[in-house]
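Work through these exercises with the sequence and the model side by side. Try each task before you read its solution.

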Amino acid sequence: MVRLHLKKGNDSLFLHDTTVKQNVAELVSEVLDIYDLRLKVLRLCDEMQSLAKHGHFLPPNMQGLTEDQIEELKLHDEYEKICVPQGGSVECPDPLGRRSGKAPNESMAEVIMKTITDAKEGVSSKIVTSNRTLTVTEVQSSLDKLKGAIMIVYPMKLPSYDPVQAEIDNCEDLSGTQASLEVIEKDKGSLWWAGKELMPEKTLEDYVGKNEKTKIVVKLTKKGSQAPGREQQMTEDQKKQMMAWQYRKQEEMKKLHAADDGDDYYNSPWANPNALKNQFHGIGDVKWGPR
């Protein structure tokens, strides 16, 4: 199996196994299935953190308003009595004014947070360092765990306009958000390797040869974007380590030069190469010159 190390820019994403015989178009589709589903898991984790802290989403016409403004406009949250978390709620106002402030109790919030931690670990880019691949099945499993936690804490479901429920129902609206820039549709993705774009009509064998035991770094981009930068010869950590080593060597050389007294030791008796010979001849203490 050919192992692909997927990157976007300089950021590692995940590892993916394939064969040299696979068509590039099919490979891009497989990679994007994992990539987009992984983004969905991370988005859901972020929104669930807010849910655990501040409760369900307020209606759009109530968001950002103070209590006085809501009372003055006679607005009402129709889901306030419906979206009650299991075990009751606790007051925790949202400083952004987006959520109701009726958060799940400590035990239910812990269920959500623990599930979020497990889901993030399952799709984290850190699994690249452990040389473990990521599959659609594994990402879907993380997503199912998150959905299960929401069903436990909010058995009556959340409002349809709540981002958490929208992600669960696959009807999220990402338009105008940073998240929309990260998503890559299947027909708009492209893979690059060794400064070359992998053409959809070709197979991986046309680029890497017939060796199935190959590992390559592949960059994921949107079609039509400029070629991604080549991989650096050294990582930032390696550069820092090399500079630290050079600095230590310079400091050691400075100490050696400071401790060096020059060439005065040449005039010392013990440095005389004829000292032993003179001793045998009995002229060890003879000094030439005026006294």
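**Exercise 1.** Which residue in E6 does Trp-192 stand opposite?

*Solution.* Start with the ground rules. This is a predicted model, where local features need pLDDT of at least 70, side-chain atom pairs count only at pLDDT 80 or more, and totals for chains, interfaces and linings use all residues. Residues are numbered from 1 along each chain as its sequence is written, and side-chain values use heavy atoms, with hydrogens and water left out.

Next, the labels. Strands (E, at least two residues) and helices (H or I, at least four) are DSSP runs, numbered from the N terminus. Now find E5, residues 189-193. Trp-192 faces Glu-197 in E6. Trp-193 stands opposite Lys-196 in E6.

**Exercise 2.** Describe how E5 joins its partners.

*Solution.* Two strands pair if DSSP finds at least two bridges between them. Step one: E5 and E6 pair in the antiparallel sense over 2 bridges. They form a hairpin with 2 residues between them. In the turn, Ala-194 has a positive phi of about 55°. Step two: E5 also pairs with E7, antiparallel, over 4 bridges. There, Gly-189 stands opposite Lys-222.

**Exercise 3.** Give the strand order of the sheet, then explain why E2 and E6 each have a side without a neighbour.

*Solution.* The sheet is open and has 5 strands. Their order is E2-E1-E7-E5-E6, with mixed pairing. E2 (11-18) and E6 (196-197) stand at the edges with a single partner strand each, so one side of each lacks a neighbour in the sheet.

**Exercise 4.** Find what lies across the sheet strands, then decide whether E5 is mostly covered or mostly uncovered.

*Solution.* Helix H1 (residues 24-54) lies across E1, E2, E5 and E7. H1 runs at about 135° to E2. The angle, on a scale from 0 to 180 degrees, is taken between N-to-C directions of axes fitted to C-alpha atoms, for helices over the stretch in contact (heavy atoms within 4.5 Å). E5 is mostly covered, with 4 of its 5 residues buried. Buried means under 20% relative accessible area, exposed over 50%, and partly exposed in between (1.4 Å probe, protein chains only).

**Exercise 5.** How many disulfides does the structure hold?

*Solution.* A disulfide here is a pair of cysteine sulfur atoms within 2.5 Å. The count is 0. Take Cys-45: the nearest cysteine sulfur, that of Cys-171, is 18 Å away. Cys-45 is buried, at a relative accessible area of 0%. For Cys-171, the closest cysteine sulfur is in Cys-83, 14 Å away, too far for a bond. Cys-171 is partly exposed, at 47%.
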